[in-house]
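Welcome! Please have a look at the sequence and the model below, and then we can walk through a few of the contacts together.

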Amino acid sequence: QSRLRSLVMATTLVSRLVSETQKNKTAVIIWGGPVKKLVLPSSVWKERLWKDRWLEVRDDNSEFYISYFLAQNTKEVNKIHAYQISEIITVTKGQQQEFNEVNGHSSLNLMNMITKDIDDTGEFDNSILIRTQAYADGLSRGREFLFSFSNAGDMDLVRRSLEEKVAQLKSATRDSAFTKFRRSVRTIYEGTAVQVLVALMIFTNFGSNIAQTQLNPADGSGPSQALYGIDLTLTILFAVDLFVNIFSTPTIKRFLENGWNWLDTVVVATSIASYLADGVGGLSQLRLARTFRVLRLLRSIPSLRKIVAAVRDSIPAVSFTENDFE
C-alpha cells in the first residue's frame, strides 16, 4: 500500500511537471494579474459576491484564450477561448445606457441587472463583461463572465487583445458557408434531443451486453442473431456519431484535446475491427471493448461527470498521509 501511494504521488507530480513545462514552452502570456470575478450564489443578484482571481491572457499560436485561477500559480479554474466569445462589453455608465437603448430588457442577463442597480459607488468601474456563444463547446458555452480590474489600463489591454483576436476569427469565417454549416451541425449535435438519443443507444448497448452474458445463446440461434443485429446496428450508429463529432469540431487539434473523444474513437475503432476480423484468432475478442460505451454517459450527463471528477480529484487527498510529504 505504501508503494502504491508513492507511485501515485510520483505519477501526479511528474504529470504536473510535464503539464507546466508544455504550458511554459508553448503559451505566451499577453497579460497576467489579479482581478475580481462576479459570482452569483443561487443566481440571486442581491447576493452577488466579488471573488479574488488570477487572470491570464494567453497565446500559444494555435489558440488564443484567457484562463482564470484561484490564485497565481494554482490550478486553473476555467478557460475561455477566443472562438467561444460572442461579445465583449465595457461596463461603464454611458455604455450601459447605450447598450440598453439598442438591446432593451428582453432577457435577464448581467447587463440588465447591472443597469437596474448601477450607482456612483464605483462597484463596476474598470469591468468587462464577456459573453460566450451557446453553440461553443466546453464548460464556458452560453455563459457570461464579469471581471473587474484594478485600473483602467489593464482592463483596456485585455479588452483590446480579446477584441482584436475575436475580430480576426470572425473575419476569417464570415463568408465561409461550410463553417456555418458545421456550426449548425454542432448546435444540433449538442442539443438535448441528440444527446438523449445517444444515451438511449448507450443503455440499449448495455442491456444487450447483459443479455448476451446471461443468455449465452448458441451460435446461429434466433436470440444470437437478434443480439448480433442489435450490436451491429449500434456499432454503425456510434460510428456515425463519431463522424459527426469529428466533422462538426472546428479543428482536429480541438477534437484531440478532449479525452472523451479519444475514448469514443478507441471504442468505435475496436468494435469495427472486431467485425472485420470476425473468426480470426483472438481478434474477435476486441468486441469486448464495446462495454466501455457506457462511459459515454459521463460526457452526455454533465452532473454525473462532475461527481466522477470530484471523486477522482479526492483520491490523492485520502491516499496520502503527512509522512508522505516530509
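## Ground rules

A salt bridge here is a side-chain nitrogen of Lys or Arg within 4 Å of a carboxyl oxygen of Asp or Glu. Please keep in mind that this is a predicted model.

Let us begin with Glu 87, which forms a salt bridge with Arg 131, their closest N and O atoms being 2.9 Å apart. Glu 87 sits in strand S5 (residues 85-91) and Arg 131 in strand S6 (residues 127-132), so this pair ties together parts that are 44 residues apart in sequence.

Another pair is made by Lys 36 and Asp 52, whose side chains meet in a salt bridge with an N to O distance of 2.6 Å. This pair links distant parts of the chain, 16 residues apart, with Lys 36 in strand S1 (residues 28-39) and Asp 52 in strand S2 (residues 49-59). Lys 36 counts as partly exposed, at 37% relative accessibility.

## A salt bridge within a helix, and a network

Next comes a pair within helix H4. Arg 159 forms a salt bridge with Glu 163, and the closest N and O atoms are 3.1 Å apart. Because Arg 159 and Glu 163 are four residues apart in helix H4 (residues 152-173), about one helical turn separates them. Arg 159 is buried, with a relative accessible area of 17%, whereas Glu 163 counts as partly exposed at 32% relative accessibility.

## How H6 and H7 pack

Now to the helices H6 and H7. Helix H6 (residues 192-215) and H7 pack with their axes 10 Å apart, at an angle of about 150 degrees. Angles over 145 degrees count as roughly antiparallel, so H6 is roughly antiparallel to H7. The crossing of H6 and H7 is left-handed.

Which residues make the nonpolar surface patch? Tyr 228, Leu 232, Ile 236 and Val 240 make this patch, which covers about 340 Å². As for Ile 236, its place is in helix H7 (residues 222-248), the helix that packs with H6.

Note on methods
Residues are numbered from 1 along each chain as its sequence is written. This is a predicted model: local features need pLDDT of at least 70, side-chain atom pairs count only at pLDDT 80 or more; totals for chains, interfaces and linings use all residues. Side-chain values use heavy atoms; hydrogens and water are left out. Patches are made of residues with over 30% relative accessible area and no salt bridge: like charges are joined within 9 Å, nonpolar side chains (Val, Leu, Ile, Met, Phe, Trp, Tyr) within 5 Å. Accessible areas come from the Shrake-Rupley method with a 1.4 Å probe; for residues, only the protein chains shown count as cover. Helices (H or I, at least four residues) and strands (E, at least two) are DSSP runs, numbered from the N terminus. Buried means under 20% relative accessible area, exposed over 50%, partly exposed in between (1.4 Å probe, protein chains only). Axes are lines fitted to C-alpha atoms, for helices over the stretch in contact, and angles run from 0 to 180 degrees between N-to-C directions. Angles under 35 degrees count as roughly parallel, over 145 as roughly antiparallel, 65 to 115 as roughly perpendicular and the rest as oblique. A crossing is left-handed if the near helix is turned anticlockwise from the far one by less than a right angle, and right-handed if clockwise.
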